[in-house]
Amino acid sequence: MGIILAIIIFSIIIIIHEFGHFLLAKQHGIRVNEFAVGMGPKVFSFQKGDTVYALRAFPFGGACMMEGEDADDVGEGSFNSKSVWARMSVVLAGPIFNFLL
């Protein structure tokens, strides 16, 4: 029972963390390609607008995958096309949301 409770609490912390990144990215006009809870293969997903919302098989981890986050893409709506302050706010939003939790 303790392990299941720990997984649930850990999952809630991760969801809040990733949601912080997601909210600030959307607020700054950064395209979010996927918002996922968990890791591994997709169990369930749906698309709304440009974003795919996914629930994955293993409840550990999560992701907020933004356009141009890992590449040198500076196109419209990409992470790298935004100001330094906008990018910093998106990156710091996850830990700040955890602190508020």
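**Ground rules**

I count a contact when heavy atoms lie within 4.5 Å. I am working on a predicted model, where local features need pLDDT of at least 70, side-chain atom pairs count only at pLDDT 80 or more, and totals for chains, interfaces and linings use all residues. Residues are numbered from 1 along each chain as its sequence is written, and side-chain values use heavy atoms, with hydrogens and water left out.

**Entry: the overall layout**

I began with the elements, taken as DSSP runs numbered from the N terminus (helices are H or I with at least four residues, strands are E with at least two). I found 2 helices and 2 strands, and from the N terminus on they run α-β-β-α. Along its principal axes, the C-alpha trace spans about 45 × 30 × 20 Å.

Next I looked at confidence, using pLDDT, the predictor's own score for each residue from 0 to 100. The mean for the protein is 89, and 99% of its residues reach 70 or more. Among the elements, α2 has the highest mean (93) and β2 the lowest (89).

For the surface I used the Shrake-Rupley method with a 1.4 Å probe; for residues, only the protein chains shown count as cover. The accessible surface comes to about 6400 Å², and 70% of that belongs to carbon and sulfur atoms. I call a residue buried under 20% relative accessible area, exposed over 50%, and partly exposed in between (1.4 Å probe, protein chains only). Of the 101 residues, 31% are buried. Among contacts between residues at least 6 apart in sequence, I noted that 48% join residues at least 24 apart.

**Entry: His-21**

I picked His-21, which sits in helix α1 (residues 2-27). Is His-21 buried or exposed? It counts as buried because its relative accessibility is 12%. Not counting residues up to four places away in sequence, His-21 touches Cys-64, Val-90, Val-91, Ala-93, Gly-94 and Pro-95. I also found a polar contact of 3.0 Å between the side chains of His-21 and His-17. By polar contact I mean a pair of N or O atoms within 3.5 Å; within protein, one must be able to donate a hydrogen and the other to accept it, and residues adjacent in sequence count only if both atoms are side-chain atoms.

**Entry: the aromatic rings**

I then searched for aromatic pairs: rings of Phe, Tyr and Trp (its six-membered ring) whose centres lie within 6.5 Å, called stacked with planes under 30 degrees apart, edge-to-face over 60, and tilted for the rest. The structure holds 5 of them. In one, the rings of Phe-19 and Phe-22 have centres 6.1 Å apart and planes at 25°, so I logged the pair as stacked. These two are 3 residues apart in helix α1, so about one helical turn separates them. Phe-19 is partly exposed at 35%, while Phe-22 is buried at 10%.

How are the rings of Phe-22 and Tyr-53 arranged? Their centres are 6.0 Å apart and their planes are at 70°, so this pair is edge-to-face. It links distant parts of the chain, since Phe-22 is in helix α1 and Tyr-53 is in strand β2 (residues 51-66), 31 residues apart. I also noted one aromatic cluster formed by Phe-19, Phe-22, Phe-35, Phe-44, Phe-46 and Tyr-53.

**Entry: the nonpolar core**

A nonpolar core here is a set of buried Ala, Val, Leu, Ile, Met, Phe, Trp, Tyr and Cys residues joined through side-chain atoms within 4.5 Å. The largest one has 11 residues, among them Phe-22, Phe-35, Cys-64, Phe-79 and Val-90. The elements giving two or more residues to this core are α1, β1 (32-48), β2 and α2 (84-100). Which element gives the most? It is α1, with 3 residues.

Leaving aside neighbours within four places in sequence, Phe-35 is in contact with residues including Ile-15, Phe-19, Phe-22, Tyr-53 and Cys-64.

**Entry: the loop between β2 and α2**

I looked up two residues in this loop, Asp-72 and Lys-82. Asp-72 is exposed, with a relative accessible area of 77%, whereas Lys-82 counts as buried at 18%. The C-alpha atoms of Asp-72 and Ser-83, 11 residues apart along the chain, are 14 Å from each other.

For Lys-82 I checked Gly-29: the two are 53 residues apart along the chain, and their C-alpha atoms are separated by 8.5 Å.
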